[in-house]
Every structure is written in structure tokens, then in C-alpha cells.
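Please keep the structure in view while reading.

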Amino acid sequence: MYNLILFLVLLSLGYAVGQFAERRHYRSILQREEKLNSLPAIASRYPPTEPHYQQALVTGSTVVSVDYFKRFLAALRNLFGGRVTSYESLLDRARRESLLRMKQQAAAMGAAMVFNVKYETASISKGRGNSIGSIEVLAYGTALIDPRG
Amino acid sequence: MKYRNPRIPEGINVSDRHPLKELFVLAGGALLLLFLLSWLLGQFGGRLARLLPFEHEAALAPVSLLRNDAGPELQAYLEQLGSRLSEEMALPDGMQVHLQMSGDDTFNAFATLGGNILLYRGLLEQLPHENALVMLLAHEMAHVEHRDPIVQIGQGAAIQVTLGLLIGDPNLAVLGSAGLYTQLHYTREMEREADTEALVAVQRLYGHIGGARELFNVIHAQRDKSGREEMPAIFSSHPLDAQRLEAIGDLARERGWSETGETTPLPAAFGRWMSEAAARAAKAKEEDALKPGLPISPASPAGRLHPG
């Protein structure tokens, strides 16, 4: 009985806090994406040769963990299959946050754009089963800085 | 060449389906599956358990839980009623019923594995005549004849073991749990069939079924007195009293049975037998209290049977 109550409390707490945090995060992401839109992040490996840019590695990394509600929903999804929608928003936020952090770093260097942008994802809960459901999303690229300023 | 990042519309990588809606659909589906699985397992376990020969069922009987407080005279009287009923009910060969009586004042009686039937003083004392006692015995013996105890335990065991394995926490000691034997909860169907069988036996024995109605009246009165919480064991909520009495009336009309008739009184010494049993129970309880760690007596609070 106590377990059930604990479960329900965790579930509603996870839902309430998780939803609140997610909404707030998305608002912040949209706002910062708008602000940094003038700094393009390009996937191409061939940067423009003119002018002669200085190059620097820029990275942005985010570590995310799921809330109790999302984990429960995903566990239920395991039974039936289909889109694990509860994790989709989480990973979308992590990717966009990482890219933004990378761009922020580039902007601080005065870069004109970032080339050869790539993502890496690493699970940091390997071997621990369900105890931690965390992953890291790393975005990195080559910042091109115009030496003329 | 001009480089720029176009604005990508929202909602491509993320589904806008409400998480609560998803939760209800998924959890509902999972619960439905669980119920379906439990039901199927129960059916399977019950069928399997029915195949167990009666002699082997006796080996599983919770003998240590059944302390008999009946004196030799009462025991002989009960056994004589029991053997008359066995004949009328045509119990299969080898199906031996063991009647036992507890001196506790619990208002209860139940049949459990191995043909063991336990009657409590609390219920026996309130029976007005032998006919009602015979109806009670016949009802419990019908449970034994229908193999209801083992079927119930088989169903419970199949569900518990399989779900336990699924969840990853198998509680395979399913047959070791003491409460299981005394808290058997028969289905409405089982109770109804036991009622019918018992009525047939009572009719054959006495030529009328007056005793049956009396028994239900006693139970009904007890229920009124103690409220729904303290449901007496054998005639618990399945089927409800009113429906049950109605079913008796229907059956009597259908088969042309008389619902009234001359009743046989209980033996004159019945009251004395009861107080002797009560004294024996009190003594046993005292001894139990001196020896900690002994198996719980069936009259402990767990002895409230078929709750709900």
C-alpha cells in the first residue's frame, strides 16, 4: 500500500515538475535560437576559403535525465511498441540545448559561423540498468573566426 | 556563398500528443492485459488443480492450523451427521471428510484442503436445530465434493507464480502461506452450486428444506448485528443473502420441496458440549501463549474468513 502511494506521489511529482521544467526550457530554447540565428551552424565539411578564417573547436554539451513520469511512460511503451514520445521531447531539448551552448561559445569567440557540426550521444547509465536514465548529447564543430573582426 | 540556418517548424521531432493521454491509453491497455492474463491463468490453474487426486490434496492440508476442540461425544455426533450426509450426497470413494470444531466464538465455518471442515462455536451455538446444522455441514461438504478449496488455491498459485515470474520476484512459497488455507474466497458460482447440492441433501435427509432457511436467517441476523465488515465466513457476500434466499425459494418451488416441516432438535447435551469446547479452546490458547513462535491458531484475527 505504501509502495503504491509512493509510486503515485512520485508519478504526479514527476509529471508536474517535469512538465513545468519542459515548458520553461522550450521557451528559453526558442528565445535563444532566435537570438543566435545570425550565427549559422553548418554541417558541411568544406568551409569557405575566403576570407582566410581562423579556426577553433567549439563544443556544447548537455546531460539529461528523465523524470519518473517519463520513465514510467517509456516502460509502458516497452510493452506495446511505438514512438516513445516521452523521451522524444527530452532528447530534442538536449540536442537543441547542446547546439545553443556550442553557438554561444562560438559567438563569444566572435565567430562568423560554425562548420562541420556534429552530434555525439553517450549513455552515462551503462550497466546500471534502470537506476540512472541519463545521457549526454555533445554538439561540436569548427568555429570560423574572421581575423579582420 | 551565403550560409544561413533556416527556421525549422516545431513538432517534427517531438510529438504533440498529451503525455497524460498517452499514460491513460498505455496504462489502461496494460491493466487490461494483466486482468486478462490473470483470468486465463486462474482458469488454467483451477483446471489443473482439479486433476490433483484427492489423496494428494490431503497431504497439503494445513493440519497444524486445525485444532479440534470437540469432545468425543460432540465429535461422534458430528461424524454421524457427516456420514449420513456423505451417503446422501454420494461423495466419491476415498473422499473422506474430516469434521473439526473450534471452541472459539468466531462466527464462522469453512472447508479447506483435504476434506477438512472447521466449524466454530460462535456459529454452532446460534443454530436453532439439527436441520440448520446439517445444512451448514452439507454446504461445506459440497465445497469439498466440488474440490473448491484446491481449485481456489490452484487458481491463486497459478496467478501468483506467473505474475511473480513476470515481475521478476517469484514468491514460489505459495503453498506455505498459512492464511491461504483459511481465507479461501469462493466464487459466487461455487457458493451457489454448494447451496444447491446442500439443499438436495437436506431434502433427502428430512423431506423438507426448512433448516436451510433457518441457517440463512441466523447468518443474516449476525450480519445485521456486526455490520458488513464482519462478514461470516461461509456465507459471505457471494451470493448476497437476499438473492440466496430467493434462489432457495425458486429451487424449492421448481422441485416441489416443502420449505417448512418438522425440525429435529439438537441433542440436549449440545449446549454442554459447546461450553466444554470453549473451555478446551481457552486452555489451548493459554498454552499457546506460553510457547511463543508456535503456529497461529485459526482463531487468531486472521481467522476472519472470506472478508468482503
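B:Ala111 stands opposite B:Ile117, a residue of strand E3 in chain B. This is a predicted model. Strand E3 of chain B covers residues 116–120. It runs antiparallel to E2(B), and 4 bridges join the two.

These strands belong to an open sheet of 3 strands in chain B. The order is E1-E3-E2, with mixed pairing. Strands E1 and E2 of chain B are the edge strands, each pairing on one side only. From one strand to the next, the twist averages 20°. Strands of a sheet pair through backbone hydrogen bonds, either parallel or antiparallel.

| Element (chain B) | Residues |
|---|---|
| Strand E1 | 98–102 |
| Strand E2 | 109–112 |
| Strand E3 | 116–120 |
| Helix H5 | 130–145 |

Helix H5 of chain B lies across E2 and E3 of chain B. Its direction is at about 20° to E2(B).

Now the partner chain. Chain A has 3 helices and 3 strands. Their order from the N terminus is α-β-α-α-β-β. Chain A has 149 residues, and 24% of them count as buried. Of the contacts in chain A between residues at least 6 apart in sequence, 81% join residues at least 24 apart.

How many residues of chain A are in contact with chain B? There are 17, and they meet 15 residues of chain B. Helix H2 (68–80) and helix H3 (85–108) of chain A each give two or more residues to this side. The chain A side divides into 9 nonpolar, 4 polar and 4 charged residues.

Key: Residues are numbered from 1 along each chain as its sequence is written. Chains are lettered from A and ligands numbered from 1 in the order in which they are written. This is a predicted model: local features need pLDDT of at least 70, side-chain atom pairs count only at pLDDT 80 or more; totals for chains, interfaces and linings use all residues. Two strands pair if DSSP finds at least two bridges between them. Axes are lines fitted to C-alpha atoms, for helices over the stretch in contact, and angles run from 0 to 180 degrees between N-to-C directions. Two residues are in contact if their C-beta atoms, placed from the backbone, lie within 7 Å. Ala, Val, Leu, Ile, Met, Phe, Trp, Tyr, Cys and Pro count as nonpolar, Asp, Glu, Lys and Arg as charged, and the others, Gly among them, as polar. A residue is buried if 20 or more other C-beta atoms lie within 10 Å of its own, exposed if 12 or fewer, and partly exposed in between; C-beta atoms are placed from the backbone.
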